[in-house]
Amino acid sequence: MTNATIQEIEGIDDYWGPAFRSVYEGEGGHEAFVQQLDERIQQHDKEIEKLCNFYYQGFIDSIRELLQVRSHAEELHAEISNVDANVKESTESLCTRAEELIRARRVELNIASTIEKMELCLPLLTTYSKLKSQVEAKRYYPALKTLEQLEHVLLPRVGPYKWCAQISADIPRLRQAIQDASMADLRDFLENIRTLSPQVGAMALVQTQDMLGRSLANIVKNKKENPLQSIESSGPQCPHELVDFSPLHRCLHIHTVLGAKNDFVQYYRAQRKQQARLVLIPSSGNLHDSIQSMKSYLNAVLGFFILEEHLLTTGAGLVSKDWLLDTWSMSVTKVASTLRTNTSLITDPTLMLSIKRQIVLFINALKCYGLPTDPLPLLLQEMAEHYTEVLMQRWVGIFRDILDNASFSPIEVKNQEEYDAVMDTFPCDGDEMETQPFPRKFPFSSLVPAVYVQVKEFIYAWLKYSAGLGLGGGRRAAAARHSASLLLSRSFTGCLSALFRRPLPLMQLVQIIVDTQYLEDATSFLYEFISNITGSELVTTQAAGSMFQAARDDAEKQICDNLEKKVDEFLDLENYDWLLVEPSGQASSFVTDMLSYLSGVLTSLEQLPERARVAAVRAATNRIATRLRNLLLDPGVRQVSSGALYQLDLDVIQCEQFAAGEPVPGLREGELLEHFASLRQLLDLITGWDWSSYLHDIGIEGGKYALVTPRDAATLLEKLKEAEQKSSVFSVLKKNERDRRKLLDTVLKQLKQLQNQDG
Amino acid sequence: MAKTYDCLFKLLLIGDSGVGKTSILFRFSEDAFNISFISTIGIDFKIRTIDLDGKKVKLQIWDTAGQERFRTITTAYYRGSMGIMLVYDVTNEKSFENIKNWIRNIEENASADVEKMILGNKCDLDAKRQVSKERGEQLAVEYQIKFVETSAKDSLNVEYAFYTLARDIKAKMEKKQEASNPPGGRSGAHQLKANEQQRKPTSWLSRCSVL
Ligand SMILES: Nc1nc2c(ncn2[C@@H]2O[C@H](COP(=O)(O)OP(=O)(O)OP(=O)(O)O)[C@@H](O)[C@H]2O)c(=O)[nH]1
Ligand SMILES: [Mg+2]
């Protein structure tokens, strides 16, 4: 029992409760257990002693050894401390070096990266400086390219440096500067072409001229004459080469790059349109003053459009076909109207011709450059009319000169030479004349060849205008014929009419009529001449014959007037003694003078057409009859003696003899006498004292005195009565005289009655 | 009816072609001048009434063609003329020399008592003058004919010439009248009648039919 408990306690580290309970509750009480515990302690002491005894020696040895270790340890410690100090010493420099190294490495790295950055920046900077220099050198287009590169490639690549920002900020400014500068260049260019375009136009016109005149013969001739010239033609070949377009193209490129191409194109077009307007206003004001101003005007216009046309063909979109045609059509109308107003003032045909030549050349040049020519051809036609007018005006002057200096006498030639000279200038039938001896006389005056030659000159001048208009020979000839007839029928006839305005000597008038006939007959020769020089078919159908009719009528009328005037002058010389007692038995001197003068004149009218001569003699005779009759019935003459009556009767008989003698051929028989019929009847009635027949026949047609009115009969009878009363106032009347007086009174009364019936 | 004139004088212009007869007449009748030369064909006349000592004198002036070919026509008119102007051109020697021939013509064809006068025309053309005024006067003195230099162009002495000739005719006529009529109591009409009679013996109307 007790032993077990101790064992239990020894065996169990805790949960000693049940062991202690058994101690307490167990047989022998706790003393037994304390005894047993003491025993156990003694046992354990014995065992410890034994154990100590056994390990003592070892212990001592160990201590000894330990002591030894101690000294070793101390040695080791010193040594280690030493080493430690040594290490400490050596690592210290190492550490500083390392640190240095680290710093150097860091610098090195920094440098590398800086260089890298710098390398990125460098192109930017060089580009930027390039840009600057380009701008300075005004090489704007490359400058812009550089700018572009700078902006889009180089700047983004380089970091956000301050200077980059500066450059960035600079870019728009530069761009604007370039744009401005290029605009300035454009303006220079525009100014430049404005001064150059007349030269361009001039050159184009010269080339067109050359081209038009180009024929194999000409080319060969030119080659022969200037064999060198064709080789060493170093100057511009084309007119547009006179102008350096590069500034314009540069500007366009620049604006294209700037993205302002459209604006630029618009600007350019607007500018040019404005320039066009300036070009279209003639700089020298009056183009009709000289050909030079006309030339420069056309040159400028042509040059302007040649340049535009060149721009159209070289593309670039600066000029569009529509725009060009639009501008052109605006301009060509203006050109046409300018030319129209200016040419309409010209009175110099030579100038007209030069201008026409210029315009034709201009039109041809336009065709070469593909520009529409309307309405210029129409203008040329209008000018043709004006030219004709101008020519006609000039020829009116020439005709006037010819007429002013005309002798209006037939050409007389003394020898063959002179004869040939006339025949050479004027085509006429010389067959009859060839046989005549010299001096020969042409029927016409020098007016005829002179006018004929002038009409030919006119035709030459006129055809000069239509040359080069591309008209066919037939059309030219027709127009020339028309103009020539117009010249004769209008201008020449007009001059003739003017001539008629002053009184002309009779013979002059006669010659004019003869001359116009010859001129009219010569029209067919003129037509032949026209067809020869125009190389067209001869047109023989002509409506001639009436061309100078008006002039002839005028001349004939003047001849009649002239004769009537002469008759009047003679009759103004009349000095009848109305109370003549005894007629001399001879006709009055003014009557015989007049009749001999008239027959002389009428003989010299031989060359006149019959119609005209008949008209002239009729007019003269009628005038004589009327004047004589008026003389007799003149209320101013109160008394007429029978002596005076017989004198007048004698004079009338002279005239009647003249009339009956048919002074010119072509008269109806007795026709001229009819003019004297009423006067004759009156005289017969009074001198024959045939009152009974008269009063009986009155009102009967075809009666012997049918042309005597009661009034005239009464008037004359009164005068007779007055005269008789005067002569017999103091004498006593005889019986038959009284009867006669009575009869006279009765007849007068009857006549008065008849007058009253009629009145 | 009141007469428009008191007497009628028939005058004649003769001389070479181109001396200016027509121009002188044109100046006298129309007071105008034409530079162009239109040679006269045959014969023509102009009438102008002038006032001579209160008398209305009608001048019927016959202008003849100077050209030889018209000679027969023109000489027929000599007979009825009461006064003849002989015209030469001072710039044309030949026309002056021919005056003698013209005078012979007058002697053969005109009535013996015809009044004459020599005119040296174109005296404005001093630079071209071929006949001096003295030679003209010399000739006139030889024939006892009045002489004056004229210019139709400048209207020099033209009026004077016609008035002088007309006055001389008038004086001659009055002298004759005085010889045949006792002086005193002549009315205008009466005088006219006298003129008529005066003219009749020399009248050329009898020749007219021959013309
Ligand atoms: N300078 C000048 N020229 C004159 C003068 N009188 C006439 N003439 C010119 O002389 C030319 C002839 O003049 P006319 O009067 O026609 O001669 P004409 O004597 O009548 O000649 P016919 O009729 O042929 O006999 C004309 O050209 C006139 O202009 C004059 O006084 N001075
Ligand atoms: Mg004459």
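## Report on a two-chain predicted model

Glu662(A) is partly exposed, with a relative accessible area of 34%. The model that holds this residue is predicted. Glu662(A) sits in the loop that joins α22 (642-660) to α23 (673-688) of chain A. Its phi is positive, about 45°, although Glu662(A) is not a glycine. Most residues other than glycine have a negative phi.

Gln144(B) is not a glycine either, and its phi is near 55°, a positive value. Gln144(B) belongs to the loop between α5 (133-143) and β6 (146-149) of chain B. With a relative accessibility of 73%, Gln144(B) counts as exposed, because the cut-off for that class is over 50%.

The backbone of chain A has another feature to note. Most peptide bonds are trans. The bond from Phe438(A) to Pro439(A) is cis, with omega near -5°. Pro439(A) is placed in the loop between α14 (431-434) and β2 (440-445) of chain A.

**The two chains**

Chain A has 759 residues, and buried residues make up 41% of them. Its secondary structure consists of 26 helices and 2 strands. Among the contacts in chain A with a separation of 6 or more, 78% are between residues 24 or more positions apart.

Chain B has 211 residues, of which 51% count as buried. It contains 8 helices and 6 strands. Read from the N terminus, the order of these elements is β-α-β-β-α-β-α-α-β-α-β-α-α-α. For contacts in chain B between residues at least 6 apart in sequence, 74% join residues at least 24 apart.

**Helix pairs in chain A**

Helix α9 (residues 291-313) of chain A packs with helix α11 (residues 349-368) of chain A at an angle of about 10°, and their axes are 10 Å apart. That angle makes α9(A) roughly parallel to α11(A), because angles under 35 degrees fall in that class. On the α9(A) side, the residues in contact include Ile291(A), Met294(A) and Leu298(A). On the α11(A) side, they include Leu351(A), Ile355(A) and Phe362(A). Counted by class, the residues of this contact are 11 nonpolar, 2 polar and 1 charged.

Helix α7 (residues 246-257) of chain A and helix α8 (residues 261-280) of chain A cross at roughly 145°, and their axes come within 7 Å. The residues of α7(A) in this contact are Leu248(A), Cys251(A), Leu252(A), His255(A) and Thr256(A), and they meet Lys261(A), Phe264(A), Val265(A) and Tyr268(A) of α8(A). The contact has 6 nonpolar, 2 polar and 1 charged residues.

**The magnesium ion**

Which residues coordinate the magnesium ion (ligand 2)? The donors are OG1 of Thr22(B) and OG1 of Thr40(B), at 1.8 to 1.9 Å. The pair links distant parts of the chain, 18 residues apart: Thr22(B) lies in helix α1 (residues 21-30) of chain B, while Thr40(B) lies in the loop between α1 and β2 (43-52) of chain B. Thr22(B) is partly exposed, at 34% relative accessible area, whereas Thr40(B) is buried, at 14%.

**Single residues and their contacts**

Is Glu569(A) buried or exposed? Glu569(A) has a relative accessible area of 16% and is therefore buried, since the cut-off for buried is under 20%. This residue is part of helix α19 (residues 549-572) of chain A. Apart from its neighbours within four places in sequence, Glu569(A) is in contact with Phe45(B) and Ile47(B). Those partners belong to chain B, while Glu569(A) belongs to chain A.

Ser344(A) lies in the loop between α10 (321-343) and α11 of chain A. Its relative accessibility is 41%, and it counts as partly exposed. Beyond the neighbours within four places in sequence, Ser344(A) is in contact with Leu339(A) and His386(A). From Ser344(A) to Tyr387(A) the C-alpha distance is 9.0 Å, and the two are 43 residues apart in sequence.

**Cysteines**

How many disulfides does the structure hold? The number over all chains is 0. The table gives two cysteines with their accessibility.

| Residue | Relative accessible area | Class |
|---|---|---|
| Cys655(A) | 1% | buried |
| Cys7(B) | 1% | buried |

Note on methods. Residues are numbered from 1 along each chain as its sequence is written. Chains are lettered from A and ligands numbered from 1 in the order in which they are written. This is a predicted model: local features need pLDDT of at least 70, side-chain atom pairs count only at pLDDT 80 or more; totals for chains, interfaces and linings use all residues. Side-chain values use heavy atoms; hydrogens and water are left out. Axes are lines fitted to C-alpha atoms, for helices over the stretch in contact, and angles run from 0 to 180 degrees between N-to-C directions. Helices (H or I, at least four residues) and strands (E, at least two) are DSSP runs, numbered from the N terminus. Angles under 35 degrees count as roughly parallel, over 145 as roughly antiparallel, 65 to 115 as roughly perpendicular and the rest as oblique. Contact means heavy atoms within 4.5 Å. Ala, Val, Leu, Ile, Met, Phe, Trp, Tyr, Cys and Pro count as nonpolar, Asp, Glu, Lys and Arg as charged, and the others, Gly among them, as polar. Donors are N, O and S atoms within 2.8 Å of the metal (3.2 Å for Na, K and Ca); water is not among the atoms, so sites may look incomplete. Buried means under 20% relative accessible area, exposed over 50%, partly exposed in between (1.4 Å probe, protein chains only). A disulfide is a pair of cysteine sulfur atoms within 2.5 Å.
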